Amino acid sequence: MQIRIHGRGGQGVVSAAEMLSIAAFLEGRYAQAFPSFGSERMGAPVMAFCRIDDHPIRSREPVMHPDALIIQDPTLLHQAGLFDGLDPSGFVLINSTRGLKELGIASALEHLPPGHACAMPATELAMRFVGRPLPNGTLLGGFAAMTGTLRLESVVAAIRSKFPGKVGESNVAAAEAAYELVAHRGALEEVHV
Amino acid sequence: MFKQIEGSRAVAETVALCRPQVICAYPITPQTHIVEALGEMVKSGELAGCEFVNVESEFGALSVAIGASAAGARSYTATASQGLLFMAEAVYNASGLGLPIVMTIGNRAIGAPINIWNDHSDSMSMRDAGWIQLFAETNQEAADLHIQAFRLAEELSCPVMVCMDGFILTHAYDRIDLATQEQVDGWLPPYEPQQVLDPADPVSIGAMVGPDAFAEVRYLAHHKQLRALERIPVLSREFFKTFGRNSGGLLRTYHTDGAETVVVALGSVNGTIQEAVDELRADGVSIGSISICSYRPFPLADVQAALADAKRVVVLEKSLAVGLGGMLATDVQMAIQSRQRRVYTVIAGLGGRAITKVSLMDLFRQARRDALESVTFLDLNWDAITRQLARETAVRRSGPIAENILKDLGELSSRIA
Amino acid sequence: MPFEQIKFYQTGTFTVGNRLLDISDRAVQSDTKRSNALNSGHRACRGCGEALGARYAVDAAMRAANKNLIAVNATGCLEVFSTPYPETSWQVAWMHSLFGNASAVAAGVAAAMKAKGRKEVRVIAQGGDGGTADIGMGCLSGMFERNDDVLYICYDNEAYMNTGVQRSGTTPAAARTATTPSVGPEPGNTFGQGKSLPLIAMAHHIPYVATASVANLHDLEYKVEKATVIHGARYIHVHVPCPLGWGSEPHDTIKVARAAVESGLFPLFEAEFGDVTAHTPIRRPQPVEDYLKLQKRFAHLFRPVRDEIRLAAIQSIADRNIQRFGLLEEVTR
């Protein structure tokens with residue numbers, strides 16, 4: 001599985017990819033995570049990639065055909081090429097309080113299978129549990145729920161291994177809350193129409 | 001022991017297991033994570049019996065390593081790109097004096113234009129300085145090569161560069177099987193110098209050598225690398241016996257038996273090449289690839305043997321011999337000069353441009369049709385080139401090239417919704 | 001060095017092995033058991049101030065270090081004349097790496113000794129003014145800044161002598177060199193340039209900085225011995241006339257060096273952690289002219305006509321030193 005994460009410098013995009021790879025590793029799978037560097041400054045668009053496989057991963061090219069996209073910053077949504085290469089049955093998880101229609105991308109994603117595109121308020125959850133607007137750990141919880149690729153326990157363990165102590169625990173709480181939110185999102189309005 | 005960690009971290013932890021005694025470091029992207037990790041290990045006491053010196057420049061870094069190594073300490077440093085050039089004088093000095101320093105190169109392009117991303121121009125600039133140059137295909141191999149490097153360096157009294165692709169490997173998280181201290185201790189003996197600064201037994205190191213003896217001293221350096229050609233595969237096999245992994249060696253072949261087209265490359269791009277080779281082979285194309293690990297000494301005989309059945313060779317390299325073509329390609333051609341072969345040089349990935357499987361498959365199909373020029377630049381933006389050349393013809397003060405091209409490519413920031 | 005009034009003196013200075021001195025005060029060189037670290041047979045020019053200074057300095061360091069010494073040398077006159085292929089005149093563990101990295105290489109040696117727990121081994125680095133002030137400045141400053149356990153000794157003959165007398169960062173104003181010829185409206189080295197290595201060393205607040213001269217060899221030995229047993233970065237700047245480059249008589253080397261000291265152009269002092277702690281007072285003040293006249297590199301200041309303006313400018317440099325270091329005052333320490 002190939003995942004591409006979009007965000008801005010300082011939002012923990014690279015850490016998110018790394019945690020995904022650790023979660024996969026903990027499940028006994030092979031994983032590769034690496035960043036794509038633009039200019040190194042806070043606020044600049046940043047991409048990170050993660051590949052998960054049951055066999056050793058040889059490819060070193062950027063993820064051109066993602067099976068899943070995680071978009072940590074909705075201000076990137078109108079950037080050209082954001083959805084490039086997305087698999088027709090892929091997943092899209094967007095960090096936003098607004099719904100897909102409100103974000104203006106519902107039509108771009110309506111070809112995806114039902115339940116494969118979702119917007120969730122990760123930053124708000126992070127603020128509530130972590131106290132800082134860093135949505136990466138939170139989004140991974142939502143990712144686990146949406147795709148079923150990784151177990152929540154693996155994501156939680158990955159977060160803890162990368163961020164020991166209080167920071168890790170609060171992120172774990174946020175991730176768990178995100179998982180619940182996305183797992184039961186039928187009840188919410190921020191879902192794919 | 002398996003860990004999911006950053007390539008740089010794997011290298012740092014492995015170097016630490018090799019019990020270095022002096023580590024010196026000057027920061028330069030993309031090697032920083034390696035030396036930072038080592039610095040932390042020294043400072044916390046985790047890596048004992050080691051002095052970590054924060055030097056004032058890369059020239060200072062290798063100079064400190066030279067002094068430490070001459071005084072009998074196992075020494076290590078790391079650099080890339082501009083830093084390697086800044087220490088160039090010391091690079092030649094270290095190999096000329098025969099000091100077994102191990103240095104990691106986080107391969108990065110050399111400016112101008114300044115560029116922090118991966119290509120092989122840095123290692124290539126020092127390829128004939130007398131250092132052994134080993135290229136890692138994966139982060140696992142990058143870590144493992146350092147263990148082999150210390151042993152090889154100290155056996156031959158010759159410094160070794162372990163080259164790993166900047167960002168692509170250094171900043172990638174991978175599943176790595178890290179060695180244990182017992183394994184390394186059992187495989188890598190303490191450093192026994194061939195020459196050493198010892199007050200109890202004084203010698204003069206670094207004397208001038210005149211015309212009557214210089215050539216002989218240089219021949220002995222050449223001879224050292226020829227011996228390395230024999231030792232490298234042996235050490236790789238011995239490494240396998242203790243650590244259970246295939247790392248190092250002179251080169252690795254992938255489906256080259258009977259392959260009509262063979263691709264040759266250095267470093268991490270081999271992974272993507274192998275993926276392309278698999279897909280093409282599934283499509284009935286006769287193609288294979290060679291990943292060269294020991295670039296210096298260059299394994300002429302092994303390359304010649306591996307290309308024995310090939311009708312055509314595609315050398316894919318992240319380096320450019322400006323005005324000429326390829327560097328790796330030139331070495332490959334030397335290996336097979338006695339036979340009639342078509343050798344296509346493909347310059348790719350310069351300055352960190354991604355090499356995609358799709359582009360590679362397209363390229364290899366073209367090669368198969370012999371529809372390639374002898375030198376090709378993969379995925380070059382000819383439009384931008386043409387426009388810049390026209391600009392230069394039209395007016396004398398056409399301005400800095402880089403700025404013009406970047407403007408052409410429209411490097412605009414994304415719109416905020 | 002503590003100033004001692006001696007009633008009798010024979011040659012105008014403390015002669016080596018002066019029998020009027022207490023045995024414990026006699027020069028290292030007067031001891032038949034000295035190391036001879038820089039042995040005879042080297043190829044220095046006759047009258048070479050650097051050969052003289054290095055011989056005294058290294059033997060003094062060897063004594064203070066109980067022969068547990070490693071020396072790192074920069075490229076330059078000393079390195080070249082002491083290791084004429086295929087011979088070496090060094091009887092000490094000695095290494096030559098490059099031109100600009102002696103301090104860094106020495107730092108590496110010191111780090112190796114520390115890693116190996118060899119606390120008794122002392123490390124010295126040696127270089128000329130070119131290798132220290134110019135091309136070696138970056139590494140030197142780094143070594144000072146890190147407080148590496150190295151004693152750096154600079155032999156300052158005020159130009160790149162080994163390559164044919166080219167100007168360096170310590171070449172004095174008005175001096176003729178191959179790259180500052182005595183022609184045109186401003187003959188010789190330009191006024192207002194140059195750097196003071198001792199002051200730069202002091203600005204790093206290292207444990208010990210000293211200047212020394214071959215005019216006072218005993219003082220040189222004293223300072224080297226003192227510095228050798230201190231831990232941390234140390235720097236000694238030794239003034240060494242070069243008869244060839246300066247155009248002075250080979251037999252005048254010590255006389256020329258003394259004139260530099262007594263005119264105030266080369267002050268002798270010690271400093272610790274950035275503050276001057278001692279100085280050697282001028283015994284018999286001389287005008288700078290008496291120094292300049294001994295050297296052909298300053299001949300254009302006197303012939304065809306006396307260049308009063310530049311002579312006065314050089315005198316004011318000396319006067320400033322005298323004032324700054326209190327060279328005509330009583331020693332108060």
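Which residue of E16(B) is the bridge partner of B:Ile347? Select B:Phe377: that is the partner.

The model is predicted; local features need pLDDT of at least 70, side-chain atom pairs count only at pLDDT 80 or more, and totals for chains, interfaces and linings use all residues. Residues are numbered from 1 along each chain as its sequence is written, with chains lettered from A and ligands numbered from 1 in the order in which they are written.

**The sheet of chain B.** Stay on strand E15 (342–347) of chain B; three bridges join it to E16(B), and the two run parallel. Strands (E, at least two residues) and helices (H or I, at least four) are DSSP runs numbered from the N terminus. Now show the open sheet, six strands in the order E10-E12-E11-E14-E15-E16, with mixed pairing. Strands pair if DSSP finds at least two bridges between them. Colour the edges: E10 (251–254) and E16 (375–377) of chain B each pair on one side only. Neighbouring strands are turned by 20° on average, direction ignored.

**Helices on the sheet.** Select H10 (269–282) of chain B. H10(B) touches E10, E11 (261–266), E12 (287–292) and E14 (312–317) of chain B, and makes about 165° with E12(B). Axes are lines fitted to C-alpha atoms, for helices over the stretch in contact; angles run from 0 to 180 degrees between N-to-C directions. Next, H13 (357–368) of chain B lies across E11, E12, E14 and E15 of chain B, at about 135° to E11(B).

**The interface.** Finally, select 24 residues of chain A in contact with 22 of chain B (C-beta atoms, placed from the backbone, within 7 Å). On the chain A side, E2(A) gives the largest share, six residues.

Key:
Contact = placed C-beta atoms within 7 Å.
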